[in-house]
Amino acid sequence: MDECCAPRAPEGYDREFNARFARRLARQYRSDGLSPSAALVLEFAGSVGLEGASLLEIGGGIGDIQLEALKRGASHTTNIELSAAYEPEAARLLDEAGLRDRVTRMLGVDLASTPEAVEPADIVVLHRVVCCYPDYERLLGAAAGRATRAVVFSHPPRTLFARFSARAINAWYHLTGNPYRAYAHTPDAMIAVLSGRGLEPRYREVSGPWHVVGSVRA
C-alpha cells in the first residue's frame, strides 16, 4: 500500500497522536522503561557508539529513546515533531531526568520537505514513523542526508494481513473524517533508499510487529 509522493506534509497527527495518547506513553515509560522495539533501536545506536554522539529523532514523541541515549553518553539530542500534543509530557520527563539543557525539540518541522531546517547528527532515528508518512523515499532520503554515521528505523511487516489492516484502518479514518493515514511500505524499497545514499544495512531485528533496521555510512 504505497500511496506516496504527497506534495505536502500529511495531516491529522494532532488528532491521532493526542494528549491522552502522550500521557499513556509517558506512564508506560515511567513504569516499564523503553518498549522492546524502542530498546532494539537504542541497542543499534549503542553499537554505533553513543558516547559523545549527537542524535536526531524524527517523530520522537515523548522523547523516551532520546532520554535513554543521553543517559548512555550521547552529548545532545534533537527531536522534530508534527504533533504538539507530546510537548507537555516530554518537558516533564526531561525535567524529571534533569536533561532539558541537552535536548532541542522542534515543532512543526517536516524533514522530508525542509531537511535544511535541522542540523546534521551522528545518528538519525525514525521509530514507528515511516508507516505514518506517505512518501517514504523523501523522508528516508532526508534522514540519510542528515546522518553522518548511521540511520535506524522501524517498520511493520509488509504481509497481506498488514496491508489489509492498513486499508481497513484508512477506510475507517475516511468515514470518520480523520485525515490521518497509515502505510505499509515495501521494506526492501525503504532499505534501498538508504543504500543509495551511502548507508548499508548492518542490523536487523524484530520485536512483535516491528522490524528494526540499522544502517551505517559506508
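How far is the sulfur of Cys132 from the closest cysteine sulfur, and in which residue is that sulfur? Select Cys132 and look to Cys131: the two sulfurs are 4.1 Å apart, too far for a bond.

Before moving on, a word on what is on your screen. This is a predicted model, in which local features need pLDDT of at least 70 and side-chain atom pairs count only at pLDDT 80 or more, while totals for chains, interfaces and linings use all residues. Residues are numbered from 1 along each chain as its sequence is written, and side-chain values use heavy atoms, with hydrogens and water left out.

**Stop 1: the cysteine pair**

(Buried means under 20% relative accessible area, exposed over 50%, partly exposed in between, with a 1.4 Å probe and protein chains only.)

**Stop 2: Ile62 and the largest core**

Next, select Ile62. Along with Leu50 and Val125, Ile62 has the most contacts inside the largest nonpolar core, which has 37 residues. Such a core is a set of buried Ala, Val, Leu, Ile, Met, Phe, Trp, Tyr and Cys residues joined through side-chain atoms within 4.5 Å. Colour helix H3 (36-48) as well: H3 gives the most to this core, six residues. Helices (H or I, at least four residues) and strands (E, at least two) are DSSP runs, numbered from the N terminus.

Now show what surrounds Ile62. Leaving aside neighbours within four places in sequence, its contacts (heavy atoms within 4.5 Å) include Ala22, Tyr29, Leu93 and Glu89.

**Stop 3: Glu89**

Click on Glu89, which lies in helix H5. Is Glu89 buried or exposed? Glu89 is buried, with a relative accessible area of 9%. Not counting residues up to four places away in sequence, Glu89 touches Arg23 and Arg30, among others, as well as Ile62.

**Stop 4: the cavity**

Helix H4 (64-71) and strand S3 (103-107) each supply at least two lining residues.

**Last stop: a second core**

Finally, select Leu56, Ile58, Phe153 and Met190, which are among the 28 residues of a second, separate core.

Key:
A disulfide is a pair of cysteine sulfur atoms within 2.5 Å.
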